[in-house]
Amino acid sequence: MECATLPHQKSVHVLGSQGWVSRGKVSCGRAPAVPYQTPPARLPHGARRPALRADGPACGAGVASSGSAGHGSGPTVTLNNGVKMPMLAFAANMYGPDVCRRATAHALTAGFRNIWSSEIIGDGCQRAQREAMDASGLARSELFVAGTVMNPQCTASDCYQTTMSQARNQLEMLSSDNTLDMLMLDYPSSAGCDGIEGQWKALEELYRAGNVRVIAVSNFRDEHLTCIARNNSATLPAVNQMNYNTGNADRSVLQSNEKFGITVQAYSPLGSGGVLQSPKLHSIAKKHGKTPAQVALRWLTQQGVAVALASTSLEHLKQDVDISSINLSKEDMRELGSSGSEPM
Ligand SMILES: NC(=O)c1ccc[n+]([C@@H]2O[C@H](COP(=O)([O-])OP(=O)(O)OC[C@H]3O[C@@H](n4cnc5c(N)ncnc54)[C@H](OP(=O)(O)O)[C@@H]3O)[C@@H](O)[C@H]2O)c1
């Protein structure tokens, strides 16, 4: 795929031979067909607005500390429809099936219970992930399993159909009973609001039919979320997966989602490994007796941001899931966030 974004996006990832590659602004999408309007801030029926915390421990509204939902290690977050999601997700990259199976098994051994699987990693890798989950001996109820649909090129007339067909494929690929905990739309349709409405209608139908417990989006900026929210009877997304980390700390990403009661899940939470070079991160990690990766992840969860991270190393995965005891001070949080495009 050459390009999957809209012109206003600040930084994007594109798919290269090694998986997602971070790129600067890409201007290949079409502007949405319908002028964007800001809807009144509203939450789904019975929803609780998750707290965004830039400081203090990660135990505010919506965020529970380690193990409280019976989902393995690590904190959980209560989403806007009441479903509890483990905040730390293992997210396989475009590995071959063997690496994919082994890395997923390592993640489960380390304590990850949220397995976020992307359509983009391919059938072989996705099937290997399911095999690893089946072989783990863990009950299905102990896991939170997510799939994605990626069809940003769909047109207003076929977005519903292609989303539904790809979604059914994800259900078949990742589950034995046609259900998933979360289904995520990865990228809005470049056909604007009409396309996005078609994409979202398919996910809402699967949600209402009970095939998925949570419907979610990725790379949806304010104007894309508005396309969904302008329909008063729409079920709003519970999660928006975005590029957010200590090296890319644009807090407007959090603010725009908070307005809709949506939990942000950070992809590339370690900047694909790049943020681990930061001297500031090293010095704060040393002070806490933790690794730079642990502190970079804790910086996210302490703000109420969930993470989708990749690793093939059991040792790294064990570290990555063991972050709940870290308590970053206000000063630590501010310093770590100041390398982003907008200071905290
Ligand atoms: N929705 C989207 O548009 C989108 C865009 C980009 C990426 N993604 C997804 O986000 C997920 C993660 O992205 P990512 O791979 O770019 O980035 P990442 O999770 O930020 O970084 C992964 C890198 O960090 C290293 N790492 C992990 N834990 C470590 C530790 N404790 N110490 C040292 N190094 C550690 C890994 O190496 P080792 O293997 O050696 O541990 C790997 O090289 C992937 O599944 C990707 O598909 C989604």
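Reader: Which residue of β12 does Val239 stand opposite?

Author: In this predicted model, Val239 stands opposite Thr263 in β12. The strands concerned are β11, residues 239-243, and β12, residues 263-267, which pair in the parallel sense over five bridges.

Reader: In what order do the strands of the barrel follow one another?

Author: The barrel is closed by eight strands, in the order β6-β7-β8-β9-β10-β11-β12-β13, and the pairing is parallel. Direction ignored, neighbouring strands of this sheet are turned by 25° against each other on average.

Reader: How many bridges join β7 to β8?

Author: β7 and β8 run parallel and are joined by three bridges. At this pairing, Asn114 stands opposite Phe144 in β8.

Reader: Is strand β8 enclosed or open, and why?

Author: Burial is judged by counting C-beta atoms, and 20 or more others within 10 Å make a residue buried. In strand β8, residues 144-149, six of the six residues are buried, so the strand is largely enclosed by the rest of the structure. Phe144, Ala146 and Thr148 point one way from β8, while Val145, Gly147 and Val149 point the other way, and all are buried.

Reader: Which residues of helix α5 are buried?

Author: Helix α5, residues 222-229, is mostly covered, with seven of its eight residues buried. These are Glu223, His224, Leu225, Thr226, Cys227, Ile228 and Ala229. Among the elements that cover them are α4 and α6 (252-258).

Reader: How is the packing of α3 and α4 to be read, and at what angle do they pack?

Author: Helix α3, residues 159-174, packs with α4 at an angle of about 40°, and their axes are 7 Å apart. α3 is therefore oblique to α4. The crossing in which α3 passes α4 is right-handed.

Reader: Which residues of α3 and α4 meet?

Author: From α3, the residues are Cys159, Tyr160, Thr163, Met164 and Ala167; from α4, they are Gly195, Gly198, Gln199, Lys201, Ala202, Leu203 and Leu206. The residues of this contact of α3 with α4 divide into seven nonpolar, four polar and one charged.

Reader: At what angle do α1 and α9 pack?

Author: Helix α1, residues 97-110, and helix α9, residues 314-321, pack at an angle of about 40°, with their axes 9 Å apart. α1 is therefore oblique to α9. Their crossing is right-handed. On the α1 side, His106, Ala107, Thr109 and Ala110 meet Leu314, Leu317, Lys318 and Val321 in α9. The residues of this contact divide into five nonpolar, two polar and one charged.

Reader: Where is Ser272 found, and is Ser272 buried or exposed?

Author: Ser272 is found in the loop between β12 and α7 (279-288). Ser272 counts as buried because it has 20 C-beta neighbours inside 10 Å. Here too phi is positive in a residue other than glycine, with a value near 55°.

Reader: Why does Glu119 count as partly exposed?

Author: A residue is partly exposed when its count lies between the limit of 12 or fewer for exposed and that of 20 or more for buried. Glu119 has 19 C-beta neighbours inside 10 Å, and therefore counts as partly exposed. Glu119 is found in the loop between β7 (114-116) and α2 (123-135).

Reader: Which residues is Glu119 in contact with, leaving aside its neighbours within four places in sequence?

Author: Glu119 is in contact with Gly147, Thr148, Val149, Met150, Gln166 and Gln170. Glu119 and Asn169 are 50 residues apart in sequence, and 9.3 Å apart in space, C-alpha to C-alpha.

Reader: How many helices and strands does the protein have?

Author: The protein has 10 helices and 13 strands. Of its 344 residues, 49% are buried. Among contacts between residues at least 6 apart in sequence, 71% join residues at least 24 apart.

Methods
Residues are numbered from 1 along each chain as its sequence is written. This is a predicted model: local features need pLDDT of at least 70, side-chain atom pairs count only at pLDDT 80 or more; totals for chains, interfaces and linings use all residues. Axes are lines fitted to C-alpha atoms, for helices over the stretch in contact, and angles run from 0 to 180 degrees between N-to-C directions. Helices (H or I, at least four residues) and strands (E, at least two) are DSSP runs, numbered from the N terminus. Angles under 35 degrees count as roughly parallel, over 145 as roughly antiparallel, 65 to 115 as roughly perpendicular and the rest as oblique. A crossing is left-handed if the near helix is turned anticlockwise from the far one by less than a right angle, and right-handed if clockwise. Two residues are in contact if their C-beta atoms, placed from the backbone, lie within 7 Å. Ala, Val, Leu, Ile, Met, Phe, Trp, Tyr, Cys and Pro count as nonpolar, Asp, Glu, Lys and Arg as charged, and the others, Gly among them, as polar. Two strands pair if DSSP finds at least two bridges between them.
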